[in-house]
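Let's take a friendly walk through this model, with the sequence and the 3D view side by side.

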Amino acid sequence: MSRLPGSRMFESLSVRNYRLYATGALVSNVGTWMQRVAQDWLVLTVLTDHSAVAVGVTTGLQFAPTLLLMPVSGLLADRLSKRKLMLATQVLMGLTALVLGLLVISGHAQLWQVYILAGALGVVAAVDAPTRQTFVAELVPTDKLSNAVGLNSASFNAGRLIGPGVAGLLIAALGTGPVFLINAASFAGTIVALLAMRTEELQPIERAPRALGQILAGLSYVRHRPDLLIILAVAGMVGTFGLNFQLTTALMATTVYGKGAGEYGLLGSIMAIGSLSGALLAARRRQPRMRLLVGACFAFGVSAVAASLMPDYTLFALALIPTGMSSLTLMTACNTIIQMSTAPAMRGRMIALYMAVFAGGTPIGAPIIGWVGEVFGARWTIAVGGLVALVCAGVATLVLLRVQGRSVSVQLTPRPRVRLEPVQAVEELSAS
């Protein structure tokens, strides 16, 4: 008997440990997205006079450690107990939210303090990210890994669907301080879930042995994998210039459409409708392929450019739905291809490298996009990201065709045409 589509979509939830993890993660994700909105609003409207650069710097400080600590964080995820490491990171991230909340409520919050706490949170998150991503492989059997990765993305975006809207309402009613305290408490969800797991039911993956040169070994592994190089290049460029929606939607809401905190928070929730849909569809795929990644990159470029041209707030909000769906499809495809095609002992380092180029580009991209917004206008902050994605999709297509043994020729006369021709393959792609 064939399995119903819905049962495949949620099949990982049949595993008790994963069910606990997913429940705790959902609670924490809601709190995290509430803090992201509150932090940007605090910097943009309370601590500065709508300074896009200050918001960009805050965002950059939060993501810079991902890039700087990538070699160490990935190796820690490959060497240590992922469950114990996550317990430590969740406690520390909760403490940073608690300190920021107390500073705001007491009336002592200053911009430099937000910068320091954003940087501290970034350091802990840099260690947490590859550990959390690869821990999924210990919770479910291999045949459910793709589904679990997709459901993780769904949980993340369910948090983004709920969190910003709730944050906007709380900010309007109580201010930003209580939002930070709620996020601090939300980390208890993941901590309780980790403590309640049956450790004997975990499926530990091969750990990297203690040896010299393991970081260089990870880089060497990537160099001989053209599929991974393409993923890293696309993720790096799109992540740097296209996925700064914390900043870009705040600018669009306040400077283009003249809206307040509630409408700004609502934009994040509306965009998450598309992202959540993309995540649930991704959970049904057993093995995403490279052509899905390239197609999602192209779709994101088109939808982002279209969103930047919307004449009013309502149409802009609606345009964020396909933008969210395509961006989530791209991210999930990148993550799943890496996890399912990488040697288990290398998985932490590969995910860390992916997270470094994906999120680590934000310290470069966020201030640049903030400057673009101040000089050229808020619409260009989104349009630039879309144009970069379109270029990436085109270049990735040409590279994939070349690696897979095809060439593209364009004939302009007497009649325009594009022709694919087989050539001698340089190297066979491991995931096509």
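Three helices, α4 (70–79), α9 (214–223) and α15 (347–359), each give at least two residues to the lining of the second largest cavity. Helices here are DSSP runs of H or I with at least four residues, numbered from the N terminus. The model is a predicted one, in which local features need pLDDT of at least 70 and side-chain atom pairs count only at pLDDT 80 or more, while totals for chains, interfaces and linings use all residues. Residues are numbered from 1 along each chain as its sequence is written, and side-chain values use heavy atoms, with hydrogens and water left out.

To find the lining in your viewer, select M70, P71, I215, G218, L219, R349, M350 and L353. Six of the lining residues are nonpolar, one is polar and one is charged; in this scheme Ala, Val, Leu, Ile, Met, Phe, Trp, Tyr, Cys and Pro are nonpolar, Asp, Glu, Lys and Arg are charged, and the others, Gly among them, are polar. The space inside comes to about 70 Å³, a volume being what is filled by probe spheres set on grid points joined across faces, edges and corners. Across the whole structure, five cavities of 30 Å³ or more turn up. A cavity is a set of points, on a 1 Å grid over the protein atoms alone, where a 1.4 Å probe fits but cannot get out, and its lining residues have an atom within 4 Å of a point.

Now for the charged pairs. The structure has five salt bridges, each a side-chain nitrogen of Lys or Arg within 4 Å of a carboxyl oxygen of Asp or Glu. One of them joins E138 and K82, at 3.7 Å from N to O. Because E138 sits in helix α6 (residues 111–139) and K82 in helix α5 (residues 82–106), this pair ties together parts that are 56 residues apart in sequence. Both E138 and K82 are buried, meaning under 20% relative accessible area, with exposed being over 50% and partly exposed in between (1.4 Å probe, protein chains only).

Helix α6 also holds D128 and R132, which are four residues apart and so separated by about one helical turn. Their side chains form a salt bridge of 2.9 Å, N to O. D128 is buried at 2% relative accessibility, whereas R132 is partly exposed at 29%.

Finally, look at R198 and E201, a salt bridge whose closest N and O atoms are 3.2 Å apart. R198 is partly exposed at 37% relative accessibility, and E201 is partly exposed at 37%.

Note on methods: On a 1 Å grid over the protein atoms alone, a cavity is a set of points where a 1.4 Å probe fits but cannot get out, and a pocket is an open set with protein on both sides within 12 Å along at least five of seven lines; lining residues have an atom within 4 Å of a point.
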